[in-house]
2 protein chains.
Amino acid sequence: MTTYSTAARRVIDRCLELAQFTEEPGHITRTFLSSPMHQVHALLTQWMEAAGCSVRIDAVGNLIGCYPGSEGAWRRLLIGSHLDTVPHAGAFDGILGVLIGLALVECLGGKPLGAAIEIIGFSEEEGVRFGTPFIGSRALAGTVDCDLLQQISGAIRDYGLDPLRVPEAVLHGDVIGYLEFHIEQGPVLEILNLPLGIVDAIAGQSRYVVEFQGKANHAGTTPMHLRRDAIAAAAEWILTVEEEARNTPGVMATVGKLDVAPAASNIIAGTARATLDVRHAADAVRRSAVERILAAAGQIVSRRFLTYSAEQILEQPAVEMDSCLKSLLDRAVSAIGCPVHRMISGAGHDAMILAQRCPAAMVFLRSPGGVSHHPGENVLEDDVAAALAAGGNFLENYVYG
Amino acid sequence: MTTYSTAARRVIDRCLELAQFTEEPGHITRTFLSSPMHQVHALLTQWMEAAGCSVRIDAVGNLIGCYPGSEGAWRRLLIGSHLDTVPHAGAFDGILGVLIGLALVECLGGKPLGAAIEIIGFSEEEGVRFGTPFIGSRALAGTVDCDLLQQISGAIRDYGLDPLRVPEAVLHGDVIGYLEFHIEQGPVLEILNLPLGIVDAIAGQSRYVVEFQGKANHAGTTPMHLRRDAIAAAAEWILTVEEEARNTPGVMATVGKLDVAPAASNIIAGTARATLDVRHAADAVRRSAVERILAAAGQIVSRRFLTYSAEQILEQPAVEMDSCLKSLLDRAVSAIGCPVHRMISGAGHDAMILAQRCPAAMVFLRSPGGVSHHPGENVLEDDVAAALAAGGNFLENYVYG
């Protein structure tokens, strides 16, 4: 483990070093093909080349360092994550997975395996600059459509790349799979006191906007029993959303936004517009939870003499991670003396996009305090060492030379 | 009743005629000492003088038409309401009470009573222009303080009046009382199928801002049982507010505004800031309802591991209307064959301010649909006729010549 401990320290130091390349001094903000991305690319290229990789940048700005396999090896294993951040981010979301990939290659010390290893730093995952996430991995999956390409082509050209070559970024050849290490961004591993978790599936998502339409009225002159109060109806529904999620194992349901009108302290609200976000690893479970939640809205408004409307904003099916890769990761984690814990990712990740094109799997590292998308985001050095040990075991035993 | 019917038609026609004097063409918007107020003053002055009144405008812009009493009469009865409106108002809120006062004098046909009658059109009640309501009636009550005077003195000067003479507007002499006719602005009389209601008291009000502080977190990665969701806590509390009001007769409690942060569909809300408005005719009942409502917030946050804070914004005691005037109005309403109905005013009115200085009473006229502060605001001609008949009976019998 000594090698992995040293390597883990270096991974963390490098994350912190790359965090200084930002669009906003004093904060970590690095969006798709923004100017500081040049510096990230330059430093990563230097480190990758020193580890024996040949490095290229594809037309959508993904950085790919290829560590060659043994003579005659024709397959590739991809290891990576994304290089972009949300505004005012932490230092680990995304980039940690790229540096773990690099460290795994460095730990091989030049020894070739039975497959090439490509370390990928995706140019875009967070969806900040153009409102569309996963641009980097979509280029590999071949799902950057014309509209999106047109939208981002200026940014690609400004960065010094050729948007017309984006189609060439599509993944070809014999790919063993895609492996992504990522901070959990949630509290589960910390509560279980585990360094690592193996992602079983990435939850599907339904998003709706649900609007309750009542009648705005004077707060002082309208008796309680004659009110058609949109805030009160929304409040009752928000509690049923919470209850539905609590009563259905694995369902996450959230009302994160509520806009009220006319929004005066002395006027009963006439409308209340709520967002709804429902997630689950099984699409059928998610869909039936959504059905019950919307039915509850119908019951509430009919009892209260209001009306409601529900508009679907997003319907994204769950993505299961590759079962073969998951089993191999189970064994690698177990081999380093770590309990095996399978878990669901409630958030979307590049692995979800790559899964359309090749076997994909993810390993989560514990997030102290469950914090992410925040300067306080962190990762423990021992957990990074465990990830490297498990990753090293995986490479040694299943991508052997 | 024929006289009163004709007079009622004229009252409504005059309300509609004065509604054309507005700051915004196509809407009825007439704030404190705005330019269209000159036209309202001019036309009212003409009508009042034709009815035998001597008319003056005091330094805060109140229009007062004095119909003299019989020889030697030294007392005055005030009848009035306000001339200003909210933005995009209806044609009856306020001004109806002034025109009913004028019609009552006109119906006397020049016959003097045992007291002078002063018809008052207050310059300001709604609080739109300076954020402070009741400026007109406060000048009569002597509660325009230096701060307020300084704030409004420019507007007074621009209107052609002298702000230094505002103190002279204070009510002096032997005033029998102040009588205000006003649309109910609520649905109660309509539901009871009654034209008129006699106001027992103007409800006291408590206003608070209650903030729930939880923890913003990822909607996809934070398990339900680990959330500290400020929207869900606020929702639970909003239902207890509603329940408290429903379970305590006469209490009106409203959460009209809810501001959530960070307000994103995929982020659990960290804070939710709600307004609370509680009203009741008995201060003790209102205060104990507020106590229970705030205690409920405490219980909810402690069960959910959140915190909360409550800031008092307004604490306005209830104002009882004068019991002698109320009895006289009961008898007058009864005398015209109308059922006597006492009711609480949930909204504030000039009568509440005048009550600090003289006996004050109010008569509500049914509001079709309970609508007010809206272009759809209306009043029925028959109800205005009933108000005039009751008012006429009151004057004939209790302010006799």
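Let's start with cavities. This is a predicted model. How many cavities of 30 Å³ or more does a search of the whole structure find? The search finds four. Rolling a probe the size of a water molecule over the atoms shows where empty space is left.

Take the largest cavity. Its volume is about 90 Å³. Which residues line this cavity? From chain A we have A:Ile238, A:Val241, A:Glu242, A:Ala253, A:Thr254 and A:Val255. From chain B come B:Met224, B:Arg227, B:Asp229 and B:Ala232. Two elements give two or more residues each to that lining: helix H7 (230-247) and strand E9 (252-254), both of chain A. The largest share is from H7(A), with three residues. Now sort the lining by class. Six residues are nonpolar, one is polar and three are charged.

Keep A:Glu242 in mind. A:Glu242 lines the largest cavity, and it also forms a salt bridge with B:Arg304. In that pair, the closest N and O atoms are 2.7 Å apart. How many salt bridges are there between chain A and chain B? The count is two. For polar contacts between chain A and chain B, the count is 12 residue pairs, with both residues at pLDDT 80 or more.

Which elements make up the side of chain A that touches chain B? At least two residues each come from helix H6 (188-192), strand E8 (217-218), H7, E9, strand E10 (258-261), strand E11 (267-268) and strand E12 (271-280). H7(A) gives the most, nine residues. So much for the elements; next, the classes. On this side of chain A, 25 residues are nonpolar, 14 are polar and 10 are charged.

Now both sides together. Chain A puts 49 residues into the contact, and chain B puts in 49 residues. The two chains bury about 4100 Å² between them. Of that area, 62% is on carbon and sulfur atoms.

Last topic: the backbone. Most residues other than glycine have a negative phi, and most peptide bonds are trans. Here are some exceptions.

Is the peptide bond from A:Ala261 to A:Pro262 cis or trans? That bond is cis, with omega near 5°. Find A:Pro262 in the loop between E10 and E11 of chain A. Now turn to chain B. A cis peptide bond joins B:Ala261 and B:Pro262, and omega is about 5°. B:Pro262 sits in the loop between strand E10 (258-261) and strand E11 (267-268) of chain B.

One more residue: A:Phe305. Is its phi positive or negative? A:Phe305 is not a glycine, yet its phi is positive, about 60°. Where is A:Phe305? Look in the loop between helix H8 (283-304) and strand E13 (307-316) of chain A.

Methods. Residues numbered from 1 in each chain as written. Chains lettered and ligands numbered in written order. Predicted model: local features only at pLDDT ≥ 70, side-chain atom pairs only at ≥ 80, totals over all residues. Heavy atoms only, no water. 1 Å grid on protein atoms, 1.4 Å probe; cavity = no way out; pocket = protein on both sides within 12 Å on 5 of 7 lines; lining within 4 Å. Points joined across faces, edges and corners; volume = space filled by probe spheres on them. Helix = DSSP H or I, 4+ residues; strand = E, 2+ residues; numbered from the N terminus. Nonpolar A, V, L, I, M, F, W, Y, C, P; charged D, E, K, R; others polar. Contact = heavy atoms within 4.5 Å. Buried area = accessible area lost by both parts, 1.4 Å probe. Salt bridge = Lys/Arg side-chain N within 4 Å of Asp/Glu carboxyl O. Polar contact = N/O pair within 3.5 Å; in protein donor to acceptor, adjacent residues only side chain to side chain.
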